[in-house]
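Have the structure open as you read.

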Amino acid sequence: MAADLMEIDDSLYSRQRYVLGDSAMHQMAQSSVFLSGMGGLGVEIAKNIVLAGVKAVTLHDTKQCETWDLGSNFFIHKEDVVSQRRRVEAVSPRVAELNPYVHVDTCSSALDDNTDLSFLRKYQCVILTEARLSLQKRVNEFCHSQQPPIRFIGCDAYGICVRVFCDFGGEFEVSDPTGEEPKEIFIQSITQDSPGVVTCMDNQPHGLQTGQSVVFREVSGMMELNSTARQVSVLSPHSFAIGDTSQLQPYAHGGFFVLVKTPKTYKFETMEQQLCDPQVLTPDFSKPEAPLQIHAAMLALDTFQEQHSRLPNIGCLQDAEALLKLTEETPVNTELVRCLSRTARGTLPPLAAAVGGVASQEVLKAITGKFAPLQQWLYLDAIEVVRPLQSLSAEDFFPRGDRYDGLRACIGESMCLELHKLRVFMVGCGAIGCEMLKNFALLGVGLTKSSGEVCITDPDLIEKSNLNRQFLFRPHHIQKPKSTTAAEATHDINPDLQVDAHLNKVCPATENIYSDSFFTSLNLVVTALDNVEARRYVDSRCVSNQRPLLDSGTMGTKGHTEIIVPNLTESYNSHRDPPEEEIPFCTLKSFPSVIEHTIQWARDKFENAFVHKPSMYSSFWQTHSSAEVVLQRMQAGESLEGSFQVIKLLSRRPSQWEQCVTIARLKFEKYFKRKALQLLHSFPLDTRLKDGSLFWQSPKRPPAPIDFDLNDSLHFTFIVSTARLFAGIYNIPYSETDLSEEAVTRILSDVKIPEYKPSEKCIETDETAKKPDQMKMPVSSEEEREAIIQLEQAIATDRVTPEGLQMTPLQFEKDDDSNGHLDFVTSASSLRARMYSIEPADRLKTKRIAGKIIPAIATATAAVAGLVRTSHLTKKSIALLTFFALQMSPVPYPHHRTLLLMHRFDIFTMQYSNRSMASFPRNNIYFSIWDCWTIFGHEDFTLSDFMNAVREKYGIEPTMVVHGVKMLYVPVMPGHSKRLKLTMQKLIKPSVDRRYVDLTVSFAPEADGDEDLPGPPVRYYFSPDGETP
């Protein structure tokens, strides 16, 4: 993204634009970054900031490629080691490949205490990795002294400990500390008092803090407030004071307020100043002392390096004692110091990925002034990984001359071998999936020679917008499958990895592929998905098959990881977010108040006209292939579902481009003029409710009819995009000339607009009313006669042809600017917003809302993917590096963590995963979500036998039995009592190879009137030995 072309390539950067905004993107496009150190940590940072799209990056390094690098640097290959290439020469072209808009330069000159640092003045941000503390202090002092200051970030990763230090200058102004989009909150009342008190409508929480300011708009009565900003003093979650309003006009009704974003200044000290009294972030509140402990230990390590010009040797007790002696003046965790000494030469790739993601996000904050920065130190450790390994011999950690020497220095040879044997199933190969595969490759998870495997599946194809975050993909991969492409790229990182790539969804329809036997063969399941329902399904399969699950997700700069362990933690399905608030049907149809309503309305119009109706039309004629037979059946009085709507479409079917333009013009008249006229006819501006208040008051906005004007570009865009979409579903060709203003104007000049007469129809105002199903609405006898006449005419005029009985449904594609889909939604939404005096949204915002786009940025993805691994490992979970200890020895519950990451708020916290809770339906009988009861039957085993077997084996009387969505036995259902005598085979009708089914069984409550109690799944085997019957 060259600075002189300040155009943002939306096809590449669209997801990131929603995170940063265009102003920050332009600042990045003019910023140059210097990054020193091309080890595992440095290459992570390089990858992330190049994907983000800065102007230029200079990569600095003086070392040659070594075998050791293969285990931490995913852009160094075996041939680079063999040819003894410099690391920076090997890495730079592969980093440059990530983003054609970023200029990647290299430098291999020495950077030490004698280097003239004046060359750094051309950079806006300097990042040092693999640098001695003395050099970091010197470079930091230089950067801090410049005017304006050069933003400085220091990063270090030594074995189980990592740190990030930030200094953005004495005073660093952040334009938007939160990055949250201010919401419009409607007003219930404003008192005429000192102070005046504002109360939010419907007790909606305002989310304000005392001292913030809000601006008022569209207030009736107390009009002096409009367009003015007032500082607030919070009184309750739903009310706040705004100063003296006693001299203003009395408040009448309506209006809303919006938070005013105010810049915030952050003060930074140099590293030298911060060493003695550090300002640290506490990521793990169960270990509040840890950051200062790690600070002291790593400073001792810095001193050790200065004294010995090396790091402590692996397993050397003398070096460990020397390091411990350097901490004598500071109270420190001796176990941490000894573990740091033993592992300092090693590397944990996921930990490097996590801290690399964090550091990269700080780079973006530094050069854009957006989001609260890290102040000033972040420390993470993975002591729980190595604590159980202290009984292993020192030789277990010694190098063996292969790519795993860095990892081996931390966890030992025996643990590396366990990783190689793992069988992992990962669902999804998007941004997080790519990062996870990279981590698997560096860790050696699932090697062919060890009978391990990583199985991945994703049905999606690669799109250009993926390239901004999914770093395994390149432009020449567009429209290729994600899974197979990711597998090939992963082999480039580690050729020994065994990756089996599928193109399937994981859902009930693919249970013949991802069966129970498939799941039970796995050591670990990983979800890298972008939707909740898919996560819930995979989680349910893991619970029923007792498999551990790693889940993670991001939204913009926010992220989370969750570790789900059988018999220890809750599952993903144990907790549910509150359901998304649906927009009431009447609000969408007649009374929008905010731009989200008009965008959703436009999106619904697209779905109804160009997806639902064409699908219904084609489906009807596939079922009823002869129009003559349909006519005969209708004439005989038979009611055919959907026939009325289908015949209406057939009778109005256009055959030429000109007719499509005419339809578009009539739609404009209907949507943006007649709708308003009808509403104002039904509810004149002076309409009052029963309580005497005005009908048209906030949040209801009275519409204003729009007269068509072809000179208005918005009107023209609506006509052309709507006509194109109708031509698309009716398979009508058109040319570029047909889309010209001249051609469209000529067609429109002949369009006759029928005279409008308002109707007396009832307009829905009840916010609880649901949208009626058009297919199930009763059809009057007059409408039936009209449909029969229309069908007779269509047959008589030879319009019932094979082509005439087909329509092509569209699929809303938000990322293709050439198809007219987003043109329609944006223009329709903007026109409706204009009609209701709502501030319109630009194309970018409309695209995000209409396309339900999740904002995303590579820095958060990298951090979260690393922390999926390291939060799992650093918290002494059941695995040392991915669950291998499941096969060894379990560890206490409290060490499982959920991690929450919010880069924009500078929040980075770990918390306990919730323990799996037991249920107690009866005395001495309890179970958790992880329990599964079993019953073995036979060919003649009846439902009554099944219920008796459950009662005898588990001591509880079943009251209801359900298989999937089918109710096998519910006592109150008619005829269900007769089912007790039927065999389980007849009730369930299993496939010939089915050995068992999982049934949901409920039990009677202890007290009458209470609800039935759910039990654990009951696995019913069709034969006594559990084999296929």
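Which residues of α10 are buried? They are Leu336, Val337, Cys339, Leu340, Ser341, Arg342 and Thr343. Before going further, a word on the ground rules. This is a predicted model, where local features need pLDDT of at least 70 and side-chain atom pairs count only at pLDDT 80 or more, while totals for chains, interfaces and linings use all residues. Residues are numbered from 1 along each chain as its sequence is written, and side-chain values use heavy atoms, with hydrogens and water left out.

"Buried" here means under 20% relative accessible area, "exposed" means over 50%, and "partly exposed" is in between (1.4 Å probe, protein chains only). Helices (H or I, at least four residues) and strands (E, at least two) are DSSP runs, numbered from the N terminus. Helix α10 spans residues 334-343, and seven of its 10 residues are buried, so the helix is largely enclosed by the rest of the structure. The elements covering those buried residues include β5 (151-158), β6, α8 (290-308), α9 (317-325), α12 (383-386) and α13 (405-411), with contact meaning heavy atoms within 4.5 Å. At the start of α10, a side-chain oxygen of asparagine 333 comes to within 2.9 Å of the backbone nitrogen of glutamate 335. That is a polar contact: a pair of N or O atoms within 3.5 Å where, within protein, one must be able to donate a hydrogen and the other to accept it, and residues adjacent in sequence count only if both atoms are side-chain atoms.

**The sheet**

Strand β6 also belongs to an open sheet of eight strands, ordered β3-β2-β1-β4-β5-β6-β17-β16, with mixed pairing. At the edges sit β3 (103-107) and β16 (280-281), each pairing on one side only. Two strands pair if DSSP finds at least two bridges between them. β6 (residues 161-167) and β17 (residues 377-381) run antiparallel and are joined by five bridges. Arginine 163 stands opposite tyrosine 379 in β17.

**Salt bridges**

Arginine 163 has a charged partner too: its side chain meets that of aspartate 156 in a salt bridge. The rule asks for a side-chain nitrogen of Lys or Arg within 4 Å of a carboxyl oxygen of Asp or Glu, and by that rule the count comes to 48. Side chains of opposite charge can pair when their charged atoms come close. Three of these pairs are set out below.

| Pair | N to O distance |
|---|---|
| Aspartate 156 and arginine 163 | 2.8 Å |
| Lysine 845 and glutamate 181 | 2.9 Å |
| Arginine 423 and glutamate 453 | 3.4 Å |

Lysine 845 pairs with glutamate 181. This pair links distant parts of the chain, 664 residues apart: lysine 845 is in helix α28 (residues 843-850), and glutamate 181 is in the loop between β7 (172-174) and β8 (185-190). Lysine 845 is partly exposed at 22%, and glutamate 181 is partly exposed at 44%.

Arginine 423 pairs with glutamate 453. Here the link runs from strand β18 (residues 423-427) to strand β19 (residues 453-457), with the two residues 30 apart. Arginine 423 is partly exposed at 29%, whereas glutamate 453 is buried at 16%.

There's also a network of salt bridges linking Asp10, Arg15, Arg17, Asp22, Asp815 and Lys847.

**Helix α25**

In α25 (residues 741-748), the residues Ala743, Val744, Ile747 and Leu748 are buried. They cover an arc of only 130° around the axis, which puts them on the same side of α25; the arc is that of the directions from the helix axis to the C-beta atoms. Their cover includes α23 (657-682) and α24 (713-729). Alanine 743 has a relative accessibility of 10%. Leaving aside neighbours within four places in sequence, alanine 743 is in contact with Thr737 and Asp738.

**Threonine 826**

Threonine 826 lies in helix α27 (residues 821-835) and is buried at 12%. Its side chain reaches the backbone oxygen of leucine 822 at 2.8 Å. Beyond its neighbours within four places in sequence, threonine 826 touches Arg843 and Thr846.
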